Each structure stands twice: as C-alpha cells, then as structure tokens.
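Please find below a short note for a colleague who is meeting this structure for the first time. The points are numbered and may be read alongside the model.

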Amino acid sequence: MNEVPTSIHLYVVQSDELLGDSYPAISGDASNKAGLTAVGIQQAKALGGDLKEAQFEPDVVYTSRDERARQMGFYTLRAVKCDSQPILDNDLQEDMPSFLSTLVSKAPIRRRPEVVLGFGHGLATRALASHLLRRGAEKLPEDTTSPASLSLFTYQGGEWRCEYVGQRAAAFNRFSIE
C-alpha cells in the first residue's frame, strides 16, 4: 500500500441559534450551558439531511463540551444516520491551535485524507480562519443566510489552510475537496 504523509480535512459545524440569544437571562458564559433553540434543532436536522444527501462519512467526530455543540452534533448525526459517537474535546472551543495539533498527532497515515467532523463555535472558527488567512475576522467571506454552517480547514505538507468559512451544507458538494 502506498501511504502518503498525514492529510486531514476538518469540517467544523457551527450554529448560532442558542437559547441565550432568545432568553437574555441565560448567558453564554464559559460553561456554555445554553442549548439550541427549536430553530437551532431544525437547522441541525437540515444540516444532517444535506450531509446525508452528499454521502458524507466522517472518519472521526469531535464536539466541544459546550451544550449547543453537543446538541448540534446529536441532531445532525442522527439525521445523517452516522453511528460515530463524538469525542468530547474542549480545545475545539477554547484552543483551536492545540486541537489542530492533536488532530495531526493522532491522524493515521493512509492513502486518502482523514475526514474529521467537528461541532464547535462560530467565534473560535472565525478566529482560526482569520489567523490562517492572515486577515481580520470581519473580512472573512462567508454565507450568512443560515447560522448552521460548515467551515473547511485542510492539513497537508505540514501546513493548515482555511478553504472556506461559514458555507451552507447544501453547498457541501460544491466545496468539498477530493
């Protein structure tokens, strides 16, 4: 078997429809106990439907310990009919560079990229993208029509790249990388 150096496609899912937005008494503090709203749950299910239609099959699934990310993962994976149990990793929220380093160290060497699905947060995702693209988060191109979206980061040749930020899952086939 011809093995290639480690290559990773990390798709980060985010949803901004959380209870704290609808009920100001619930704050999205560091414990992030606010879950998804009914709209957020529907977005997660729709995202799962889009991913299922695209025949998306992740090798591994991660979620932060944050309640909305865990709920987003639960409803999305259920709609995809994916049996993977998400691995809880708070670095997906708190320390994205550390999370990326961990992915590289754990990725198996194989003929194709490892496909990783992560349920994270918009702010952490945008901060990582702006760092990799070397521009301010306010200048990042993204589709803002749906709060449930995908961002793609790729690792190859010892370097991480941001391919796109905040795209709707319906556009998944158009943006996925072979």
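How many of the residues of β1 are buried?

1. Seven of the seven residues of β1 are buried, so that the strand is mostly covered; buried means under 20% relative accessible area, exposed over 50%, and partly exposed in between, with a 1.4 Å probe and protein chains only. The cover extends to both faces of β1, with Ile 8, Leu 10, Val 12 and Gln 14 on one side and His 9, Tyr 11 and Val 13 on the other. Helices (H or I, at least four residues) and strands (E, at least two) are DSSP runs, numbered from the N terminus.

2. Before going further, please note that this is a predicted model, in which local features need pLDDT of at least 70 and side-chain atom pairs count only at pLDDT 80 or more, while totals for chains, interfaces and linings use all residues. Residues are numbered from 1 along each chain as its sequence is written, and side-chain values use heavy atoms, with hydrogens and water left out.

3. Two strands pair if DSSP finds at least two bridges between them. β1 pairs with strand β4 (residues 114-119) in the parallel sense over six bridges, and Val 13 stands opposite Phe 119 of β4. With β5, β1 runs antiparallel, joined by seven bridges, and the bridge partner of Tyr 11 there is Leu 152.

4. The buried residues of helix α6, among them Arg 126, Leu 128 and Leu 132, pack against β1 (8-14), α4 (91-94), α5 (96-106), β5 (149-156) and β6 (159-167), where contact means heavy atoms within 4.5 Å. After α6 comes Arg 134, whose phi is positive, near 55°.

5. Rings of Phe, Tyr and Trp (its six-membered ring) pair if their centres lie within 6.5 Å, and planes under 30 degrees apart count as stacked, over 60 as edge-to-face and the rest as tilted. By this rule the count comes to four aromatic pairs. One of them is edge-to-face, because the rings of Tyr 62 and Phe 99 have their centres 5.2 Å apart and their planes at 85°. Since Tyr 62 lies in strand β2 (residues 60-63) and Phe 99 in helix α5, this pair ties together parts that are 37 residues apart in sequence. Both Tyr 62 and Phe 99 are buried. The rings of Phe 74 and Tyr 75, with centres 5.0 Å apart and planes at 80°, also form an edge-to-face pair, and Phe 74 is partly exposed, with a relative accessible area of 44%.

6. Leu 47, in helix α2 (residues 38-53), is buried, with a relative accessible area of 3%.
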